[in-house]
Amino acid sequence: MFEISQQNMNYMSEALDLAREAYKNNEVPVGALIVQRRTDIIIASSPNRMREKKNATYHAEILSIMQACNYLQNERLVGCDMYVSLEPCAMCAHAISIARLDRLFFAAEDKKSGGVLNGPKIFESSATHHKPRVISGMYSSESSQLLKDFFKTKRSLLKYKKSQGI
């Protein structure tokens, strides 16, 4: 059994701060960071940036993987862990596997679009060569509430625009 440490909680709190940054930038509020365990240093971090960059692949997880690979000058992130505020989608889960991250920590499950515990369950596929250890649930209610607030605001704005004929 894995025991969650205060340091794990601190890293997840930072991932939530990145999700809040995404929210402020009108992005789906997801934040991710990667820690190199040997040095206990955050080597990459990013909020979602899809709308800003107008690129569907600019998920927080993908951007963090790109930064970490650049930092380590290696396509493999062995000895590193990812912390993300929401269960990764199938695309991100597969990228996590390809990058060989050791552990994946995520806050809230994504029943609709998740790719780890929900949906295609990428790490359970026989086509997946590397399966990180998955630890979920830290700050799940905070992450879920942030997402609910974001989409409630979006729905309210859409309803207002429709009522105004915009």
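Helices (H or I, at least four residues) and strands (E, at least two) are DSSP runs, numbered from the N terminus. The model is predicted, and local features need pLDDT of at least 70, side-chain atom pairs count only at pLDDT 80 or more, while totals for chains, interfaces and linings use all residues. Residues are numbered from 1 along each chain as its sequence is written, and side-chain values use heavy atoms, with hydrogens and water left out.

**Helix α3**
- Just after α3, Gln73 adopts a positive phi of about 55 degrees.

**Aromatic pairs**
- Rings of Phe, Tyr and Trp (its six-membered ring) pair if their centres lie within 6.5 Å, with planes under 30 degrees apart counted as stacked, over 60 as edge-to-face and the rest as tilted; by this rule there are four aromatic pairs.
- Tyr23 and Phe150 make an edge-to-face pair, at 5.4 Å centre to centre and 70 degrees between the planes, and this pair links distant parts of the chain, with Tyr23 in helix α1 (residues 6–24) and Phe150 in helix α5, 127 residues apart.
- Phe150 is buried at a relative accessible area of 3%, whereas Tyr23 is partly exposed at 27%.
- Tyr11, Tyr83 and Phe105 belong to one aromatic cluster.

Definitions and conventions:
Buried < 20%, exposed > 50% of the residue type's maximum accessible area, 1.4 Å probe, protein only.
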